[in-house]
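Welcome, and thanks for opening the viewer. Could you follow along, making each selection as we reach it?

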Protein chains: 2
Amino acid sequence: MERIPILRMGKYLLVTIQIDMQDQTALLLQEDLATMVEKTGAHGLLIDVSALEMVDSFIGRTLVGISDICRILGATTVVVGIRPAVAITLVELGLSLGGVKTALNVERGMAMLNAAQDA
Amino acid sequence: MERIPILRMGKYLLVTIQIDMQDQTALLLQEDLATMVEKTGAHGLLIDVSALEMVDSFIGRTLVGISDICRILGATTVVVGIRPAVAITLVELGLSLGGVKTALNVERGMAMLNAAQDA
């Protein structure tokens, strides 16, 4: 079973999604992330999807789910690296990722997490 | 095919809609904007519609779509210059542009973007 690695960067966690997630991989990622947030006390989570050429409604819902779970555990999630064409498709699908923070790239996402921290 | 120009103003992009957009023009504008936001790393987008005497439901939905797409890409959209009569018609059509930030004019819109930046 493929498992997506979760990297620890100081107060934050970083996940880079590079494969088209199947149901099981997505569920595992959710569980791993929830466990990691609790264990490390991470304040934020960055999910980089710049490697994905397509984000279907399943991945979209998974991202919303992860964001909700981490928020409940006290960590802010920022999804970064969504490509322009992907953004257009998501909105056309009616999935505008409401409630999920997004940023152009990892650097901006990190700045957003730092700002959320200070607030 | 008509193409609506996108101007770069420092950290922001400015689009002035002066013609009644047809489907193709609107789709092109969406794509051009998504590409520009990614390329320039713009933090905000101002859409001036003061030249429009009428905003129908198609244009209304296009504005909401653009706002959603840019948000996913990390940029804030502010629609400025909606005329009083247009605002009345929009609400009568049941299109109150929920989720889209609006301001009276470009100056106010710019102030709104600056405030969103600092937040």
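A salt bridge here is a side-chain nitrogen of Lys or Arg within 4 Å of a carboxyl oxygen of Asp or Glu. With that criterion, a search over all chains of this predicted model returns 2 salt bridges.

**Stop one: chain A.** Select A:Arg3 and A:Asp32, whose side chains form a salt bridge with an N to O distance of 2.9 Å. A:Arg3 sits in the segment before β1 (6-9) of chain A and A:Asp32 in helix α1 (residues 23-40) of chain A, so the pair links parts 29 residues apart in sequence. Now colour by accessibility: A:Arg3 is exposed at 55% relative accessible area, while A:Asp32 is buried at 16%.

**Stop two: chain B.** Next, pick B:Asp32 and B:Arg3, which are joined by a salt bridge of 2.9 Å, N to O. B:Asp32 belongs to helix α1 (residues 23-40) of chain B and B:Arg3 to the segment before β1 (6-9) of chain B, so this pair ties together parts 29 residues apart in sequence. B:Asp32 is buried, with 16% relative accessible area, and B:Arg3 is exposed, with 54%.

**Stop three: between the chains.** Show helix α3 (residues 84-92) of chain A with helix α2 (residues 57-72) of chain B; they pack at about 130°, their axes 9 Å apart. That angle makes α3(A) oblique to α2(B), and their crossing is right-handed. Which residues of α3(A) and α2(B) meet? Select A:Ala87, A:Ile88, A:Leu90 and A:Val91 on α3(A), then B:Gly65, B:Asp68, B:Ile69 and B:Ile72 on α2(B). The residues of this contact comprise 6 nonpolar, 1 polar and 1 charged.

How values were computed. Residues numbered from 1 in each chain as written. Chains lettered and ligands numbered in written order. Predicted model: local features only at pLDDT ≥ 70, side-chain atom pairs only at ≥ 80, totals over all residues. Heavy atoms only, no water. Axes fitted to C-alpha atoms, helices over the stretch in contact; angles between N-to-C directions. Helix = DSSP H or I, 4+ residues; strand = E, 2+ residues; numbered from the N terminus. Parallel < 35°, antiparallel > 145°, perpendicular 65-115°, else oblique. Left-handed = near helix turned anticlockwise from the far one by under 90°. Contact = heavy atoms within 4.5 Å. Nonpolar A, V, L, I, M, F, W, Y, C, P; charged D, E, K, R; others polar. Buried < 20%, exposed > 50% of the residue type's maximum accessible area, 1.4 Å probe, protein only.
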